[in-house]
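Reader: I am new to this structure and would like to learn how to read it. Please take me through it one feature at a time.

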Amino acid sequence: MAHLRREPELIELLKHTPYDGSTRPFTIALKPLDLREWIEPDETLAAYLDEKQRLYAAIPGKVFLAQDATDGAQRELLDLLVSHLLEHYPDIYRREDTLIHIEGCPCPVETGDAAAPLRAASLLVPEDLILMRRHEDGWRLVAGALCFPSSWSLEEKFGRTLQDIHIPVPDFGPGTRTASLIDRIFDNLPADQPVQRFNWSLQAGGELYMPFSQRQLVQRASRRPSKFSRDDEIAAQAFIRVERQTLRKLPRSGDIVFTIRIHLDPLSLLAKHSEGGRLAASFADQIEALAPAQLEYKGLAADRDRLVTILRAIRNRA
């Protein structure tokens, strides 16, 4: 699979750093979101959209699924998203009848008679888009445009409840206090007050498409493979994968749109950043504090000690 290539001159700032101590791993940690900041197009937009187009052509059934009864909610989301982008990013998005032109992208997006409005919406933004709908037994994933999964599979999670979706996540599965709290948050989310949270992981290389099945997660936990064969590979190949997740309730349908924005930052950038020493120290603290099940879920069980040593070295050099 192709991966995102970011030119050195574009790698100037770490946009989000949930590993700096502001967010504790494996907590809900939701915060109010200013609607103006719902979507995050930046200098990587064209690269993300190119990769989405490639994935839709190569593996369409793995990156887009939708129940028939969701057409209305998909259209509601597309219309809401178009209005938002035209209002807040007029230098990037331009409407021509039912076409939306995107700065730096050769192909406009047809929004008028799109057969799959959610898919069309996903081709406007770097975010992945998931629709959740309330059923008698809880909130279910009823539609998804998921090109950049972080160790999960849309095919496996499609149609399942929130609690079932979170089965692999330590302390988030069915019957846990966290699972019940998440259900209540979804039930009570106001349409005019979206929320956001952040998550992080570490990966070898700059791949955006990182699916993992439940079977693969179990195998990884039992085998505890290293992502890096040598210490110098960690410095050269490790990327911090930051997920910015938002929840927004659609006012007409009542469905909730879950957006996932992936930011990939080379771990080596910490050594060059003005706050790199402080960030590296906080990152090391978070990794060191992870419980065994949490380390296994993030695929860091084999590499924890080496990662902590490297991050401490970055702190000492700052």
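Author: Start with one residue and its neighbours. Gln294 touches Phe26, Pro170 and Ala289, leaving aside residues up to four places away in sequence; contact means heavy atoms within 4.5 Å. This is a predicted model, in which local features need pLDDT of at least 70 and side-chain atom pairs count only at pLDDT 80 or more, while totals for chains, interfaces and linings use all residues. Residues are numbered from 1 along each chain as its sequence is written, and side-chain values use heavy atoms, with hydrogens and water left out.

Reader: Where is Gln294 found, and is Gln294 buried or exposed?

Author: Gln294 is found in helix 11; helices (H or I, at least four residues) and strands (E, at least two) are DSSP runs numbered from the N terminus. Buried means under 20% relative accessible area, exposed over 50%, and partly exposed in between (1.4 Å probe, protein chains only). Gln294 has 14% relative accessibility, so it counts as buried.

Reader: What should I look for in the phi of Phe26?

Author: Most residues other than glycine have a negative phi. Phe26 has a positive phi, near 60°. Phe26 lies in the segment before strand 1 (31-32) and is buried, with a relative accessible area of 15%.

Reader: What is the phi of Ser151, and where is Ser151 placed?

Author: Ser151 is not a glycine, yet its phi is positive, about 65°. Ser151 sits in the loop between strand 7 (138-145) and helix 5 (154-157). Its relative accessibility is 22%, so Ser151 counts as partly exposed.

Reader: How are two packed helices described?

Author: Two packed helices are described by the angle between their axes and the distance between the axes. Axes are lines fitted to C-alpha atoms, for helices over the stretch in contact, and angles run from 0 to 180 degrees between N-to-C directions. Here the axes of helix 10 (residues 276-289) and helix 12 (residues 304-317) come within 8 Å and cross at roughly 160°. That makes helix 10 roughly antiparallel to helix 12 (under 35 degrees is roughly parallel, over 145 roughly antiparallel, 65 to 115 roughly perpendicular, and the rest oblique).

Reader: Which residues meet in the contact of helix 10 with helix 12?

Author: Among those of helix 10 are Ala280, Phe283 and Ile287, and helix 12 brings residues including Leu307, Leu311 and Arg315. The residues of this contact divide into nine nonpolar, two polar and six charged. Ala, Val, Leu, Ile, Met, Phe, Trp, Tyr, Cys and Pro count as nonpolar, Asp, Glu, Lys and Arg as charged, and the others, Gly among them, as polar.

Reader: How many residues of helix 10 are buried, and what covers them?

Author: Ten of the 14 residues of helix 10 are buried. Their cover includes strand 8 (195-204), strand 9 (238-249), helix 11 (292-297) and helix 12. One of the buried residues is Ser282, at 17% relative accessibility. Ser282 touches Tyr19, Asp20 and Gly21, again without residues up to four places away in sequence.

Reader: How far apart are Ser122 and Phe64 in sequence and in space?

Author: Ser122 and Phe64 are 58 residues apart in sequence and 9.9 Å apart in space, C-alpha to C-alpha. Ser122 lies in helix 4 (residues 117-122) and counts as buried, at 0% relative accessibility. Beyond four places in sequence, the residues that Ser122 touches include Leu49, Tyr56 and Ala145.
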